[in-house]
Amino acid sequence: MTAIATQQINYLNVKKGIWSWIFTLDHKRIGLLYLYSISTFFLVGVILGVLMRLELFNPGRDIMEAKTYNQVFTLHGVIMIFLFIIPSIPAAFGNFFLPIMLGTDDVSLPRLNLLSWWLYVIGALFALSTLVFGGGPADTGWTFYAPYSVKTGTNVSMSVMAAFVLGFSSILTGLNFIVTIHRLRTPGMTFNKMPLFAWALYATSWIQVLATPIIGITLLMIVVERVFGIGLFDPSMGGDPILYQHLFWIYSHPAVYIMALPAMGVVSEIIPTFSQRTIFGYKPIAYSSMAIAFVGYFVWGHHMFTSGMSGSAAIIFSILTFLVAIPTAIKVFNWLATLYKGSIDIKVPLLFALAFIFNFLIGGLTGLVVGALAVDVHVHDTYFVVGHFHYVMFGGTGFAFFGALHYWFPKIWGKMYNMTRAYVAFGLLFVGFNILYFPMLILGVMGMPRRYYDYLPQFHTLNQISTIGSWILVVGLLLMIYNLIAGYRKGPKAAGNPWHGITLEWQTDSPPPLHNFDKMPELPEGGPYNYPNAKSE
Amino acid sequence: MNHHFTLPNSGHNYDAKASKMGMWLFLYTELILFGGLFLVYMVYRSLNQDAFLLASFNLNVWMGTANTIVLLTSSMTVAMAISALQKGDPKKSIFLLWMTILAALVFLVVKYFEWSAKFEHGLFPGMDHFNQLPNGEKLYFNLYFFMTGLHGLHVIVGGIFIVIVVFKIKSGKVNKDRYQLLENSGLYWHLVDLIWIYLFPLFYLIH
């Protein structure tokens with residue numbers, strides 16, 4: 001009797017009403033608050049992106065003026081980077097699953113966790129307020145390069161304050177995860193027995209804590225410079241704009257790994273589950289996350305090869321950039337080796353993970369192209385760079401985010417989505433994505449500069465192909481969202497462990513009870529991915 | 001009936017070590033926050049050495065020295081307050097914390113007089129005298145007001161933090177066995193002190 005009653009009470013139905021959500025201290029509910037707000041802003045960012053592609057369908061003015069276009073791509077960048085991709089996997093899925101995967105019932109500092117979501121909301125409101133107040137949204141690009149950001153009449157101060165507050169939110173999440181991983185692992189779970197998703201979040205959190213304050217103070221300098229009319233970066237008042245670029249990229253390059261590492265963690269979870277096989281090279285995957293986080297700190301200069309820096313500095317930055325490829329490749333080879341001779345079950349989460357590898361490979365290799373000094377001079381500030389980072393960010397992290405959504409969907413809501421529709425949506429997303437972004441790589445090599453609302457006639461065809469790709473992508477996105485919402489509302493009840501995973505989140509009910517576990521979770525013998533029916537080599 | 005299973009490693013347990021670890025990580029972010037400004041200071045000082053030296057003569061070394069002594073003393077009183085509470089003497093601890101807050105107020109008053117003197121001489125960005133200065137000296141005053149202003153803000157935040165802890169000691173929520181919040185406020189206060197220890201020579205003393 002009591003056993004049945006306790007089984008039916010889970011974190012979703014234990015309390016009702018809006019207040020029980022926005023003041024919750026439960027990490028699962030905070031994770032969902034993040035998931036819903038992040039997804040909303042992702043869709044806003046997508047709409048802005050589609051509008052930009054529409055403007056670029058033909059040369060010259062199609063639907064907006066040059067200045068509007070500048071504001072649209074800035075807002076697209078600010079929203080996608082600070083409101084979607086940086087918090088995406090850590091704040092939504094990390095919050096929800098890190099404590100469960102460690103075998104505990106919450107993060108170490110639950111109130112701080114709620115505070116970081118509130119800061120996220122305040123930052124988001126700041127960013128949106130620029131639509132109404134001041135001179136309109138910033139038109140500087142998300143990089144806010146001085147001295148233009150100090151002089152333009154648009155509302156840069158508010159956009160920058162938004163990024164500042166969002167950075168604070170990001171720091172607190174990272175800090176909380178580090179403390180949680182150190183303090184709350186279940187008895188017997190040493191660092192080397194943690195799931196790889198936890199390792200990836202651990203590396204990410206260190207970057208969040210160590211790098212984010214730099215952007216905080218730099219953006220504050222921009223605000224002070226605008227408000228008090230002082231000249232910290234304005235060359236006419238003795239300031240140095242190149243110094244701004246250094247400070248900006250000291251954070252913003254490591255931030256790329258804040259975006260990429262959690263995605264790699266998701267892939268490291270999905271692949272062993274759907275191959276029912278021990279992960280190949282657990283320690284290399286775990287430690288390469290730390291290596292990427294470490295080396296990623298010293299490569300920021302590769303964004304500035306054409307801004308003016310000494311030849312020897314440029315060479316060092318270029319070599320260090322190439323070094324990042326090593327731990328990244330270690331991960332890719334280990335994932336592929338895990339699949340080899342596994343009992344592969346091609347479900348939608350696995351397809352997203354494989355798409356991650358495919359897209360990330362293109363994104364990573366084009367990254368080496370822009371990291372090479374001689375080539376970068378030619379492709380710098382062209383569509384090649386735009387194509388490159390969308391392959392990494394959207395093709396990589398975005399697809400891993402969708403993969404995580406499909407992988408953990410039955411655990412979060414206890415329901416299952418329609419698998420056929422999910423396959424179709426995946427196909428549309430994958431095809432649409434590549435049609436949208438691959439032409440950009442070619443356009444960049446042909447010399448089309450980024451950040452203009454207009455282009456020369458010889459770039460017409462490829463731009464049209466790219467825009468058509470964006471429509472296919474949007475159809476896939478809408479189908480995926482429809483499928484997931486339909487699954488949530490009237491999908492069949494999901495089993496506690498539909499994919500036969502063995503990390504700890506699959507030992508509890510779906511959806512999990514309020515305190516995650518009704519009995520002590522049991523660690524699998526011989527490591528987190530030691531599948532019982534795995535063939536001995 | 002309402003039985004529910006509680007994990008031994010629950011996140012809802014009182015965990016002083018976790019709280020302390022979180023505080024140290026936060027202090028690290030504060031150091032990096034100021035680190036960005038120290039970096040900017042270093043670059044501009046090396047580019048404008050003479051101008052920075054000339055501008056630094058406008059500061060009152062005696063006031064800066066007085067404030068350094070005040071802050072160092074306050075770091076001592078806050079550390080003593082922690083020991084007092086650990087030894088089970090909340091009254092003495094509260095007295096020492098009020099002394100710390102008194103020191104914070106003295107610091108801010110001295111700072112107020114220093115800043116007003118600069119305002120009277122028209123040295124704040126945008127004022128007449130400031131506008132006639134060469135770029136190097138302008139940069140010096142920009143950084144002086146930015147860095148000491150941000151530090152002053154931290155003095156206020158640290159002071160409020162300590163006042164909150166005083167009331168928590170009075171209500172018994174912070175006590176001999178659960179003193180981590182007090183220790184964290186002390187750690188934060190030491191950080192405020194430490195940053196001043198660097199600001200003081202950078203702006204007042206280097207010749």
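Which residues in α4(A) meet which residues in α8(A)? I opened my notebook with that one, keeping in mind that this is a predicted model.

**Entry 1: two helices of chain A**

I looked up the contact and found Val78(A), Phe82(A) and Leu83(A) on the α4(A) side, meeting Ser159(A), Ala163(A) and Leu166(A) of α8(A). I sorted the contact by class and got five nonpolar residues, one polar residue and no charged ones.

Next I checked how the two helices lie. Helix α4 of chain A covers residues 66-85 and helix α8 of chain A covers residues 156-183; their axes come within 10 Å and cross at roughly 15°. Angles under 35 degrees count as roughly parallel, so α4(A) is roughly parallel to α8(A). I also noted that α4(A) passes α8(A) in a left-handed crossing.

**Entry 2: two helices of chain B**

I picked helix α3 (residues 61-86) and helix α4 (residues 90-120) of chain B, which pack at an angle of about 165° with their axes 8 Å apart. That angle makes α3(B) roughly antiparallel to α4(B). Their contact holds 18 nonpolar, six polar and three charged residues. For the hand of the crossing between α3(B) and α4(B), I wrote down left-handed.

**Entry 3: helix α17 of chain A**

How far apart are the end C-alpha atoms of α17(A)? I worked from the residue count: helix α17 of chain A runs over residues 460-490, which is 31 residues, and at 1.5 Å a residue it should span 45 Å. The end C-alpha atoms are 45 Å apart, so the two values agree.

Then I looked for buried residues in α17(A). My list includes Asn463(A), Ser466(A), Thr467(A), Ser470(A) and Leu473(A). Gly469(A), Gly476(A) and Gly487(A) are among the buried residues as well, and so are Met480(A), Asn483(A) and Leu484(A). I asked what they pack against, and found α3 (27-55), α15 (383-413) and α16 (419-446) of chain A.

**Entry 4: where the chains touch**

Last, I turned to the contact between the chains. Chain A gives 40 residues to it and chain B gives 32. On the chain B side, the elements that give two or more residues are α1 (16-47) and α6 (135-170). Which element of chain B gives the largest share? I found that α1(B) does, with 14 residues. By class, the side of chain B that touches chain A has 16 nonpolar, 13 polar and three charged residues.

Note on methods. Residues numbered from 1 in each chain as written. Chains lettered and ligands numbered in written order. Predicted model: local features only at pLDDT ≥ 70, side-chain atom pairs only at ≥ 80, totals over all residues. Contact = placed C-beta atoms within 7 Å. Helix = DSSP H or I, 4+ residues; strand = E, 2+ residues; numbered from the N terminus. Nonpolar A, V, L, I, M, F, W, Y, C, P; charged D, E, K, R; others polar. Axes fitted to C-alpha atoms, helices over the stretch in contact; angles between N-to-C directions. Parallel < 35°, antiparallel > 145°, perpendicular 65-115°, else oblique. Left-handed = near helix turned anticlockwise from the far one by under 90°. Expected span 1.5 Å × (residues − 1). Buried ≥ 20, exposed ≤ 12 C-beta atoms within 10 Å, placed from the backbone.
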